Amino acid sequence: MPGASETPAGPDPASADPASAVPASAVPASAVPASTIPASTIPASTARTGIEVADLIRARIRDVPDYPQPGVVFKDITPLLADGAAFAAVVSALAAGHGRIDKVAGIEARGFILAAPVAYALGAGFVPVRKEGKLPGPTYAQSYQLEYGMATVEVHSDAFTPGERVLIIDDVLATGGTAAATAQLVQRGGAQVVAISVLLELGFLDGRAKLPDLEVRSLLGT
Ligand code: AMP
């Protein structure tokens, strides 16, 4: 497997996020039907339709032009996280409709914020997918191409058990490289990627092209 390695490859790079962050443009939205959320996990006040959730997100994502570098429009989710009702609705929607999930894999760093409550809601375990050099134990590592250079993500090599059903969570799907590398790590552990579920998809970058055989769900497309 190109780019694969089983050892941490040196010190933590400057974040992969800035290097992979990209300008936004408009594409049609997709939505997750809130009606598929297991009833036991949803507070009544947060059960909303996919369109309502998309509207909540749209109104609470802040575009930060030229951050972290010129030409990039950074999608800042902190206003969404700061709104308790919106945060709860988004967590419920991300968790919805996947059937049994054994583990939720969150991608560093903002994916952690979303994946941990999703795991809790589903009664599943949480697995951090980290940038290289951050995990203390033996790891699987997967490198992938950025516009300029490479990035690497890692998981503990015992994070997944063969046959486990895994949900991957992140905030933004851009070029798809990070999610594709994460899916490879899950599969390397013998587990099954049930879906990749994100808040926001930058559709013009066609990240789905890097995830051809995987279910990809976004609560909002831009
Ligand atoms: P990619 O591998 O290109 O799909 O990039 C996805 C990762 O980079 C996610 O972990 C995002 O948090 C981050 N990212 C990429 N582009 C942006 C953006 N415009 N705004 C915020 N985060 C981004």
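A residue is buried if 20 or more other C-beta atoms lie within 10 Å of its own, exposed if 12 or fewer, and partly exposed in between, with C-beta atoms placed from the backbone. Keep that in mind for what follows.

Some ground rules. This is a predicted model: local features need pLDDT of at least 70, side-chain atom pairs count only at pLDDT 80 or more, and totals for chains, interfaces and linings use all residues. Numbering runs from 1 along each chain as its sequence is written.

The overview. The chain has 222 residues, and 47% of them count as buried. Its secondary structure comes to 6 helices and 10 strands. These are DSSP runs, H or I of at least four residues for helices and E of at least two for strands, numbered from the N terminus. Now contacts: two residues are in contact if their C-beta atoms, placed from the backbone, lie within 7 Å. Among contacts between residues at least 6 apart in sequence, 66% join residues at least 24 apart.

Next, the core. A nonpolar core is a set of buried Ala, Val, Leu, Ile, Met, Phe, Trp, Tyr and Cys residues joined through C-beta atoms within 7 Å. The largest one holds 60 residues. Which members touch the most others? Ile-57, Val-90, Val-104, Val-118, Ile-168 and Leu-199. Take Leu-199. Leaving aside neighbours within four places in sequence, Leu-199 contacts Ile-57, Ile-77, Val-90, Leu-114, Asp-171, Val-172, Leu-219 and Leu-220.

On to helix packing. Two packed helices are described by the angle between their axes and the distance between the axes. Axes are lines fitted to C-alpha atoms, for helices over the stretch in contact, and angles run from 0 to 180 degrees between N-to-C directions. Under 35 degrees counts as roughly parallel, over 145 as roughly antiparallel, 65 to 115 as roughly perpendicular, and the rest as oblique.

Pair one: helix 2, residues 50-60, and helix 4, residues 84-95. The angle is about 130°, and the axes are 10 Å apart. Helix 2 and helix 4 are therefore oblique to each other. Helix 2 brings Gly-50, Val-53, Leu-56, Ile-57 and Arg-60 to the contact, and helix 4 brings Ala-86, Ala-89, Val-90 and Ala-93. By class, that is 7 nonpolar, 1 polar and 1 charged. For the classes, Ala, Val, Leu, Ile, Met, Phe, Trp, Tyr, Cys and Pro count as nonpolar, Asp, Glu, Lys and Arg as charged, and the others, Gly among them, as polar.

Pair two: helix 4 and helix 5. The angle here is about 65°, with the axes 9 Å apart. Helix 4 and helix 5 are therefore roughly perpendicular to each other. Val-91, Ser-92, Leu-94 and Ala-95 of helix 4 meet Leu-114, Pro-117, Val-118, Ala-121 and Leu-122 of helix 5. The contact has 8 nonpolar residues, 1 polar and no charged.

Last, backbone geometry. Where is Pro-68 found? In the loop between strand 2 (62-65) and strand 3 (73-76). The peptide bond from Tyr-67 to Pro-68 is cis, with omega near 0°. Another cis bond joins Glu-108 and Ala-109, with omega about -5°. Ala-109 sits in the loop between strand 4 (103-107) and helix 5 (110-122).

Then positive phi. Asp-66, also in the loop between strand 2 and strand 3, has phi near 60° without being a glycine. Is Asp-66 buried or exposed? Exposed, with 11 other C-beta atoms within 10 Å. Asp-206 has a positive phi of about 55°. Asp-206 lies in the loop between strand 9 (192-201) and strand 10 (216-221). With 14 other C-beta atoms within 10 Å, Asp-206 is partly exposed.
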